[in-house]
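Here's a quick tour of how this one packs together. Have a look at the model first, then read on.

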Amino acid sequence: MTDHATHPEQGVPNQHAGGPPREPLGEHEHPTHEQHHGHDDSPEAIKKEIRRYLVVFAALAVLTIVTVAISQFHLPTWQAVALALVVATVKGSLVAAFFMHLVSERKLIYAVLVLTVFFFGVLMWGPWHHRDNAEKVWPGYDVNASKPAPARNQSPAGGHH
Amino acid sequence: MDGHAITAGAHGAHGAHDEHHEIEIPYTVHARPDTGVYNGKLGIWLFLASEVMLFGALFSTLVLLRTSAPVWPHGWEILNIPLATLNTFVLIGSSVTVILAWANLRLGDLRKGKIFLALTLLCGLGFMVIKTIEYTTKFSHHQYPSTNNFFATYFVLTGLHGLHVLGGMVVFAYLLMTANKWYAEKRDQFTNRVEVTGLYWHFVDLVWIFLFPILYLL
């Protein structure tokens with residue numbers, strides 16, 4: 001992993017997009033392994049990485065089986081949703097952390113991600129807010145509605161049996 | 001060098017269709033000092049951020065429709081879980097092959113790199129074939145996006161995801177076709193291209209990791 005402290009220019013605001021840096025960098029500040037940040041390019045290190053990817057693959061495969069197995073129990077809706085989302089989040093984190101190598105990435109990428117997560121949260125807050133509101137607006141509105149309502153002209157699904 | 005590439009580009013408009021020897025795109029290999037990453041990597045992450053918003057809006061819509069629907073079918077009642085589980089393995093497998101392609105290119109093994117790129121492309125193809133089987137079965141049962149909200153969200157989400165898989169396959173095909181030339185001339189830049197394409201591909205995998213339980217298992 002590259003030491004962040006060797007990049008004092010990181011905080012310099014971008015005033016010359018694409019242009020040469022205002023403060024010329026000495027070659028010593030551009031270590032050759034820098035091109036793949038966070039990755040030591042020695043063959044041993046890469047081979048070690050490959051082993052790690054295979055372990056992550058195995059973990060993802062096992063978790064896929066786990067999530068399918070859980071669904072066979074047909075748990076109550078909210079428990080099923082919570083469990084499925086927890087497993088999916090763990091799987092997603094494994095992909096993001098190791099395959100997308102976010103375990104060792106630059107600050108700017110993290111900053112982009114923090115913004116993304118925030119706005120994703122805003123998107124998800126919408127329906128959540130609606131859900132809370134619905135309970136107040138329509139007395140008797142059942143947020144856990146999973147049983148078919150008697151009077152409804154739209155059939156649930158074509159293949160519903 | 002990276003810095004001089006800009007000046008070359010300024011009066012090199014005539015060379016726009018020319019070989020990349022003349023105009024060098026800056027920071028394709030070395031990290032740009034102020035961002036700390038090469039441009040392609042920052043670019044793909046910004047693109048992925050926009051993708052999160054695209055899929056996020058659809059997920060948000062799904063939550064809204066589902067929580068306000070008096071009735072919502074269980075995915076496992078109408079969708080084909082074994083096929084979708086197989087597709088999950090195919091896609092996770094392709095995430096591994098693309099990262100192995102990258103690792104092998106960094107090891108200097110172009111042959112293995114290409115084999116893993118080809119395997120990734122094959123996995124993408126396999127995913128699309130299985131998806132097509134699923135879709136045609138649904139259509140033969142007269143289940144269309146217009147059937148109900150469940151199928152509307154199912155087809156929109158899996159359809160958009162499928163388009164992303166197709167897009168990735170096009171890029172992998174391009175990378176494979178140009179691999180020899182790029183690797184010989186600009187090895188590091190090509191390796192970075194594979195890394196960046198891989199980042200996109202992992203994102204497509206990640207979306208499926210959430211789509212699968214949400215649509216099929218709940």
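Trp102(B) touches Thr191(B), Val194(B), Glu195(B) and Gly198(B), leaving aside residues up to four places away in sequence; touching, or contact, means C-beta atoms, placed from the backbone, within 7 Å. This is a predicted model, where local features need pLDDT of at least 70, side-chain atom pairs count only at pLDDT 80 or more, and totals for chains, interfaces and linings use all residues. Residues are numbered from 1 along each chain as its sequence is written, while chains are lettered from A and ligands numbered from 1 in the order in which they are written.

Trp102(B) is also among the residues that touch the most other members of the largest nonpolar core, which has 69 residues. Such a core is a set of buried Ala, Val, Leu, Ile, Met, Phe, Trp, Tyr and Cys residues joined through C-beta atoms within 7 Å.

| Helix | Residues |
|---|---|
| α1, chain A | 43-72 |
| α2, chain A | 77-99 |
| α4, chain B | 81-106 |
| α7, chain B | 187-217 |

The largest share, 16 residues, comes from α7(B). Chain B has seven helices and zero strands.

Over in chain A, Met100(A) sits in the loop between α2 and α3 (107-137). Met100(A) counts as buried because it has 25 C-beta neighbours inside 10 Å; the cut-off for buried is 20 or more other C-beta atoms within 10 Å. Met100(A) touches Val95(A), Leu199(B) and His202(B), again not counting residues up to four places away in sequence.

Methods:
A residue is buried if 20 or more other C-beta atoms lie within 10 Å of its own, exposed if 12 or fewer, and partly exposed in between; C-beta atoms are placed from the backbone. Helices (H or I, at least four residues) and strands (E, at least two) are DSSP runs, numbered from the N terminus. Two residues are in contact if their C-beta atoms, placed from the backbone, lie within 7 Å.
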